[in-house]
Amino acid sequence: MFKASVGASSQTDPRKAVAEVVGKMQQADEDLAGSAVVFAFSSCAYSHKDMLGEFAAELPGVPVIGNTSHTGVITSDGFVGGAGFLGAMAIHDPDLAVGVASVAKTDSSQNAVELGEKVAHLAMAHAKRREAPAYYFMAASPAEEEYYVKGITRVIGRVPFFGGSAADDAIAGDWNLYTSDEVFPDGVAVVFFYTDKPMVDVYTGAYRETGDVGIVTKVIGDRTLAEIDGVPALEKYADWRHLDVDNLRGSALLAQSVVSPLGVKDRLGDLTAIRHPMSGNADNTIGLGNKVAEATAVIRMEATVDELIDSTGSTLRDLQGKMSNPGAYLLVHCGGRRAGIGDRIGEVAEQLKDAAGDVPFLTEFTFGEYGQVEDDRNTCGGLMLSFVGLSR
C-alpha cells in the first residue's frame, strides 16, 4: 500500500536534523526502512556529507535525493527555515520501483546533453530496467537544465517529468545537489519512477498576460536577451513598465521583475513559461534565468504579491481536481517568488495546508522549475509552480 511520510526540522546540526525528521516520518510509517526513496531539501549551510551519512545510518539502503532550497521548506507544520533546515518525504510503495542516479559536472568542457544521457542510463541500471519509466523527477544546477532534459529524452523518449534547480539563500552559487553517495554543486540528479499509478502535474506561472509583446531579435548565448523589436532589451522592458532604465541595473531588475517577468508561449498556446529577468546589464541586455530563442515572442506578465500568495492554494486545488486518489504532494515553488513574497511566506503555508487537507506534502524553493503541460514538451522555467500529486 502506498504511504508517504513527511518531516521537517530547523536544527542547525544536519545530523540532529535528520534524526528529528526521521523520527517524525516514522510516526506516519513504522516501516520507514522499507521506503523506495527519500526526497530531502535542505539548507545550503549544512555539511551535506554529514546529512547523508546520518540518513544512511538511520535508513540503511534507502536512496536519498535532493538539493538545497532557498531559505526554507513548507510542510503541514508550516514554513521551516532559518540558519539550518531540512524537509524530507519518504515514499513507501511495494508496487513502485525507482532508479536514482546523479552525474556531477566537474569540468566546463563537459557536454550537458551527454551528461543527461549518462544519468538516464545510470538510473535505468539502478532500477534494473531497460524500458523508459512512467515519469521522472530531476534536480539540476541553475545553468543548463534544458540540455540535461534533452539528453535524458534521447535515451527514454518524451516522458513526463517534474522537479527544480538547486538554490541557495543569496544567489551566491552556494547550492548543492545530492544523492546518497554524492554531493556536488553542478550537474544533474534524477529519480525514475516505474509504476502504474499516475503522477499529475500542474505547471504554471499563474501570471496575467499584458498587451506588451515583442519579438526577440537578438540573443547572446542562450540566456542573454539582447534586443526586443530591435531595441536593447532593458530599454524595451523599462519603457513597458514606465521605469528609469538606470534603476534596473544589476540585481535591481531581479527584484523588480518578480511581479512583472517575461513569458514565452508553447507551440499550442497551452502554457506560458516564465523567463525571469535576473540582471540588468551595463550594455542594456537582460540576463535571463532560462533559454530564449530569436524570432520568437516575449510577453510582459503581471501579478501582485497578493496574487502570488493566492496562486499557491488555487494551484493545489486545481491539482486536486485532476486526481481521484492523491497520496502525496511534492510542491516545487520558485525561490524568486518566495523572495518577492518575503515576510508573508506564512500566508503561503496556510494556503497550502488548507488546500492539502490530510494529504502529506513537502514544498521546496528552487531557482528553476520543471514540468509538462499535456501534449507538450517537458519545459524548464523560472518564477513558476510545479505542483505534483502522486497517486495511491
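**Close-up 1. The largest pocket of the predicted model has a volume of about 880 Å³.** Its lining consists of 25 residues, and those nearest the centre are E146, R275, R377, N378 and T379. By class, the lining residues of this largest pocket are 10 nonpolar, four polar and 11 charged.

**Close-up 2. Several helices and strands contribute to the lining of the largest pocket.** At least two lining residues come from each of α4, β17 (262-265), β18 (272-275), β21 (297-302) and β25 (379-381). Helix α4 gives the most, with six residues.

**Close-up 3. Strand β9 (residues 161-165) is largely enclosed by the rest of the structure, because five of its five residues are buried.** The chain reaches β9 from β8 by way of helix α4 (residues 145-156), in a right-handed β-α-β crossover. Helix α4 is also the element that gives the most residues to the lining of the largest pocket.

**Close-up 4. Strand β9 pairs with β8 and with β24.** With strand β8 (residues 135-140) the pairing is parallel and extends over five bridges; here F137 stands opposite F162 of β9. With strand β24 (residues 369-371) the pairing is antiparallel, over two bridges. In that pairing, G163 has Y370 of β24 as its bridge partner.

**Close-up 5. The second largest pocket holds about 310 Å³ of space.** It is lined by 20 residues, with I171, L254, H276, M278 and F367 nearest its centre. Helix α8 (residues 335-341) supplies the largest share of this lining, three residues. The lining of the second largest pocket comprises 10 nonpolar, nine polar and one charged residues.

Methods: Residues are numbered from 1 along each chain as its sequence is written. This is a predicted model: local features need pLDDT of at least 70, side-chain atom pairs count only at pLDDT 80 or more; totals for chains, interfaces and linings use all residues. Side-chain values use heavy atoms; hydrogens and water are left out. Buried means under 20% relative accessible area, exposed over 50%, partly exposed in between (1.4 Å probe, protein chains only). Helices (H or I, at least four residues) and strands (E, at least two) are DSSP runs, numbered from the N terminus. Two strands pair if DSSP finds at least two bridges between them. A crossover is right-handed if, with the strands pointing away from the viewer, the path from the first strand over the helix to the second runs clockwise. On a 1 Å grid over the protein atoms alone, a cavity is a set of points where a 1.4 Å probe fits but cannot get out, and a pocket is an open set with protein on both sides within 12 Å along at least five of seven lines; lining residues have an atom within 4 Å of a point. Grid points are joined across faces, edges and corners, and a volume is the space filled by probe spheres set on the points. Ala, Val, Leu, Ile, Met, Phe, Trp, Tyr, Cys and Pro count as nonpolar, Asp, Glu, Lys and Arg as charged, and the others, Gly among them, as polar.
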